[in-house]
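Q: Please take a close look at one part of this model, beginning with a strand and a charged residue in it, and describe the surroundings in a connected account.

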Amino acid sequence: MIDLVAISVSGPSKLLLQFSDGTEAVWSAEHLIERNTVLTAPLADLAFFSKAFIEGGQGLAWPNGLELSAEALHRELGDAGRLVRRAA
């Protein structure tokens with residue numbers, strides 16, 4: 001099981017995600033923001049986007065109830081070749 005261990009804002013609509021297997025990547029929420037739904041539209045506001053938090057290690061979440069699983073994010077970033085091993 002892959003968990004999120006740390007997140008930090010790395011730009012508008014971008015987060016640096018660090019995973020329990022020692023990998024990390026910058027993830028962009030642009031594809032979610034473009035959907036412009038009730039849950040995703042608020043991500044366009046940097047103040048709201050910056051309120052992202054880790055929900056029990058299992059997912060990335062925002063106060064409006066939007067949640068993304070750590071495993072799905074890890075798989076998406078790995079498939080795109082964007083995961084890198086964190087420096088010790």
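A: Strands are DSSP runs of E with at least two residues, helices are runs of H or I with at least four residues, and both are numbered from the N terminus. By this rule E24 lies in strand β3, residues 23-28. The model is predicted, so local features need pLDDT of at least 70 and side-chain atom pairs count only at pLDDT 80 or more, while totals for chains, interfaces and linings use all residues. Residues are numbered from 1 along each chain as its sequence is written, and side-chain values use heavy atoms, with hydrogens and water left out.

E24 is buried and has no salt bridge. Buried means under 20% relative accessible area, exposed means over 50%, and partly exposed lies in between, with a 1.4 Å probe and protein chains only. A salt bridge requires a side-chain nitrogen of Lys or Arg within 4 Å of a carboxyl oxygen of Asp or Glu. The nearest side chain of opposite charge to E24 is R86, 4.7 Å away; Lys and Arg count as positive and Asp and Glu as negative, with His and the chain ends not counted.

The side chain of E24 does make a polar contact of 3.0 Å with that of Q18. Such a contact is a pair of N or O atoms within 3.5 Å; within protein, one must be able to donate a hydrogen and the other to accept it, and residues adjacent in sequence count only if both atoms are side-chain atoms. Leaving aside residues up to four places away in sequence, E24 touches L16, L17, Q18, R82, L83, V84 and R86, where contact means heavy atoms within 4.5 Å.

Strand β3 also holds W27, which pairs with W62 in the loop between β5 (59-61) and β6 (67-69), so the pair ties together parts that are 35 residues apart in sequence. Rings of Phe, Tyr and Trp (its six-membered ring) pair if their centres lie within 6.5 Å; planes under 30 degrees apart count as stacked, over 60 as edge-to-face and the rest as tilted. The pair of W27 and W62 is tilted, at 6.4 Å centre to centre and 40° between the planes. Both W27 and W62 are buried.

F49 and W62 form a tilted pair as well, with 5.8 Å between centres and 35° between the planes. This pair links distant parts of the chain, 13 residues apart, with F49 in helix α2 (residues 46-49). F49 is buried, and W27, F49 and W62 form one aromatic cluster.
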